[in-house]
Amino acid sequence: MTELYDLHCHSRASDGALSPAELVQRAQLHGVTTLALTDHDTTAGLPEAQLSATEIGIKLIPGIELSSNWQNMCFHIVGLGIDPTYTPLAEATFALQNTRMERAEKIAAKLENRGIAGSLAAVTKAAGDGMVTRTHFSDFLMSQNHVSTQQEAFDRYLAKGKIAYVPTSWAELELVVGWITGAGGVAVLAHPLRYKLKGNALKRLLNVFKDAGGQGIEVVTSRMNTDEIRQTAGYATRFDLAGSVGSDFHHADNPWVELGRLAPLPENIKPIWELLN
Ligand code: AMP
Ligand code: MN
Ligand code: MN
Ligand code: MN
């Protein structure tokens with residue numbers, strides 16, 4: 001059987017549309033043989049995902065996608081093969097529930113100031129027991145016809161510098177990498193081209209990330225063209241980082257972002273799964 005890895009995706013424990021079990025089943029349907037569930041700042045979906053993976057016979061890597069700060073910008077660090085019971089990590093994710101709820105209250109207040117009422121009730125209801133994210137706000141803004149797409153919700157309201165943007169102090173990048181490595185996991189810089197950093201800034205970031213113990217970089221994510229993959233592969237080689245592949249799947253509405261729908265990892269790149277036992 002050919003192995004197919006997808007090492008980045010979201011369930012309803014954060015801003016995904018599927019339950020952890022549904023996600024695992026969908027991954028198998030799309031040919032994935034090893035899946036990492038990497039919800040934003042939470043490991044709450046892992047037990048259900050593991051049960052389902054065992055039942056249907058696909059391999060599940062326990063993961064997380066942690067928000068971090070470096071030079072006042074937000075970067076996402078994927079942790080793969082983590083022990084979710086490692087105390088510093090468990091305490092961090094517990095605290096992050098409050099961080100996210102407090103941020104949601106502030107975002108809701110900003111929307112309220114602009115005459116958009118009711119967002120807090122809607123997003124907390126939609127998030128349920130899971131983490132509240134800006135995606136829940138973009139869903140709300142769409143449902144109320146304030147915007148017609150998620151992109152428009154971010155461009156007009158939620159992205160950095162926009163009407164309802166609330167700066168958040170996430171933990172510093174070095175600390176976040178330490179939570180992951182302390183939990184026995186491998187730290188991977190998520191979607192490196194999405195931060196729109198100039199080459200030099202990205203190189204400085206990668207130096208800091210490496211020094212902190214980071215071992216991987218997402219070389220292949222959804223919707224990347226060959227030139228972009230060449231770029232991320234170049235960073236992997238230059239910084240001696242293993243390459244990861246992950247769709248960043250959230251929901252089934254976009255056929256271009258699908259579980260397992262990924263270009264192959266370039267052959268000269270060390271695969272991250274060789275670092276996972
Ligand atoms: P949060 O972690 O709560 O700040 O929410 C971040 C999530 O919002 C990301 O994981 C994406 O799923 C989504 N997101 C962030 N920026 C954008 C954007 N510009 N357009 C669409 N979705 C975005
Ligand atoms: Mn997300
Ligand atoms: Mn991300
Ligand atoms: Mn993600």
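Predicted model: local features only at pLDDT ≥ 70, side-chain atom pairs only at ≥ 80, totals over all residues.
Q: Which residues coordinate the manganese ion (ligand 2)?

A: Start with the donors, the N, O and S atoms within 2.8 Å of the metal. Here Asp15 (OD), His40 (NE2) and His250 (NE2) coordinate the manganese ion (ligand 2), at 2.1 to 2.2 Å. Water is not among the atoms, so the site may look incomplete.

Q: What spacing do the donors follow along the chain?

A: The donors of ligand 2 read D-x24-H-x209-H. Asp15 sits in the loop between strand 1 (5–6) and helix 1 (20–29). His40 sits in the loop between strand 2 (34–37) and helix 2 (46–56). The two are 25 residues apart, and the pair links distant parts of the chain.

Q: Are Asp15 and His40 buried or exposed?

A: Buried means under 20% relative accessible area. Both Asp15 and His40 are buried.

Q: How far apart are the manganese ions, ligand 2 and ligand 3?

A: They lie 5.7 Å apart.

Q: Which residues surround ligand 1?

A: List the shell, then ask what supplies it. Asp15, His40 and His250 are among the surrounding residues, as are Arg100, Thr133 and Phe154. Helix 3 (87–113), helix 5 (134–143) and helix 6 (150–158) each supply at least two shell residues. Helix 6 gives the most, with 3 residues.

Q: Where does ligand 1 have side-chain N or O atoms 2.4 Å from one of its oxygen atoms?

A: At Arg103. For Arg134, the distance to a ligand 1 oxygen is 2.7 Å. A polar side-chain atom of Thr135 lies 3.3 Å from a ligand 1 oxygen. The protein covers 79% of the 490 Å² of accessible area that ligand 1 has on its own.

Q: Which pocket holds ligand 1?

A: Ligand 1 takes the space of the largest pocket.

Key. Residues numbered from 1 in each chain as written. Chains lettered and ligands numbered in written order. Heavy atoms only, no water. Donors = N, O, S within 2.8 Å, 3.2 Å for Na, K, Ca; no water. Helix = DSSP H or I, 4+ residues; strand = E, 2+ residues; numbered from the N terminus. Buried < 20%, exposed > 50% of the residue type's maximum accessible area, 1.4 Å probe, protein only. Near = heavy atom within 4 Å. Polar contact = N/O pair within 3.5 Å; in protein donor to acceptor, adjacent residues only side chain to side chain. Areas by Shrake-Rupley, 256 points an atom, 1.4 Å probe, with all protein chains shown as cover. 1 Å grid on protein atoms, 1.4 Å probe; cavity = no way out; pocket = protein on both sides within 12 Å on 5 of 7 lines; lining within 4 Å. Sits in = over half its atoms within 2 Å of the grid points.
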